[in-house]
Amino acid sequence: MYPFDVVISRNIISANSIGIHIHAVRTYVTHNSISYNEYGVIYVGSTGNVASYNDIYRNSLYGMDVKEGATVNAEHNYWGDPSGPYHPTVNPDGKGDTVGGNGEDLDFIPWLTEPVGHINERPFAVLEVDKTTVLVGEEVTFDARASTDDGEIVKYLFIFGDGTNSSWTTLPVVKHNYTAPGTYNASLVVMDNFGVTSNNTATVTITVRTKPPETPPPEAPPPTPSPIRILTHINEELIRILRGIPFVGDIIMFLEELVPGYGALAFTTTCLLIIIALVVLRRRRGVRS
Ligand SMILES: [Ca+2]
Ligand SMILES: [Ca+2]
């Protein structure tokens with residue numbers, strides 16, 4: 001298109017360092033959405049440019065700038081706010097993108113108070129996990145589906161906080177496991193269909209614990225004296241006493257001969273009543289005689 005060397009129209013130019021860098025050519029820039037770049041449009045050393053009916057907004061440093069004697073007629077653009085672009089002297093109350101120049105080499109007056117086309121909003125990232133405390137090697141599910149945008153979220157970047165990430169992926173749900181114990185701040189960045197990325201903080205803290213050691217075999221309970229052993233002990237004492245008694249001692253010794261060793265002890269309890277009965281019987285006889 002005469003008198004221009006280049007026509008740039010109907011593009012979405014988003015999320016770059018410099019959206020359009022024009023050097024030594026005469027350009028006509030129209031009906032573009034130029035947003036979320038650091039610099040929207042920079043003209044270097046070329047004169048007679050025209051830029052009209054563009055939406056130029058939310059470029060972080062400059063919406064438009066001119067360098068090395070470049071000139072541009074930049075009337076009738078929307079700069080992100082009805083108050084126009086910010087220029088420190090020509091329009092200090094402008095709340096839109098910042099413009100450079102001296103007010104003549106970059107002529108932005110008049111500006112549009114309404115956008116020409118669609119104003120894209122930055123996406124908002126929301127990160128959710130199925131659990132925040134896991135063991136080493138245990139799988140964690142990271143879910144970005146609660147993220148929002150005015151348009152569409154097309155890519156996700158999960159940063160796991162352990163030095164690894166998912167790379168940009170179209171999958172909104174991914175799984176990851178941690179190989180070492182510790183506390184990890186996982187985060188999420190999402191990208192919309194304009195290529196614009198979220199800039200809100202979407203983090204989740206994951207605590208990873210060491211696997212517990214194999215459960216040791218239960219310790220044997222301390223030995224409790226068994227009733228039988230106590231009984232045996234009593235019996236031993238009893239036998240010692242009984243041995244000293246005339247006649248009774250003879251019976252004991254007879255029983256021990258009959259069933260040697262502990263067998264005799266087993267007998268004693270059973271035989272105790274018999275022995276006592278014999279003693280009592282003998283005494284009665286003694287009383288009678
Ligand atoms: Ca003008
Ligand atoms: Ca968007």
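Two strands are taken to pair if DSSP finds at least two bridges between them, and the strands themselves (E, at least two residues), like the helices (H or I, at least four residues), are DSSP runs numbered from the N terminus. The structure described here is a predicted model, in which local features need pLDDT of at least 70 and side-chain atom pairs count only at pLDDT 80 or more, while totals for chains, interfaces and linings use all residues. Residues are numbered from 1 along each chain as its sequence is written, and chains are lettered from A and ligands numbered from 1 in the order in which they are written.

By this criterion, strand β13 (residues 133-135) pairs with strand β18 (residues 203-209) in the parallel sense over three bridges, and V134 has V208 as its bridge partner in β18. Strand β18 also pairs with β17 (residues 182-192), here in the antiparallel sense and over six bridges, with Y184 standing opposite I206 of β18.

An open sheet is formed by five strands with parallel pairing, in the order β1-β4-β7-β10-β11. Its edge strands, each of which pairs on one side only, are β1 (6-9) and β11 (106-107). Within this sheet, strand β4 (residues 27-30) runs parallel to strand β7 (residues 49-52) and is joined to it by three bridges, where A51 of β7 is the bridge partner of V29.

A nonpolar core is defined as a set of buried Ala, Val, Leu, Ile, Met, Phe, Trp, Tyr and Cys residues joined through C-beta atoms within 7 Å; a residue is buried if 20 or more other C-beta atoms lie within 10 Å of its own, exposed if 12 or fewer, and partly exposed in between, with C-beta atoms placed from the backbone. The largest such core has 24 residues, and those with the most contacts inside it are I20, V41, Y43, M64, V72, A74 and L106. At least two residues of this core are supplied by each of β3 (18-23), β6 (39-44), β8 (55-57) and β9 (62-67), and β6 gives the largest share, four residues. Another core, of 20 residues, lies apart from it and includes A125, A144, F194 and V208. In soluble globular proteins, nonpolar side chains tend to be buried together.

Helix α2 (residues 248-258) contains V248, which is partly exposed because 17 other C-beta atoms lie within 10 Å. The C-alpha atoms of V248 and I276 are separated by 8.7 Å, although these residues are 28 residues apart along the chain.
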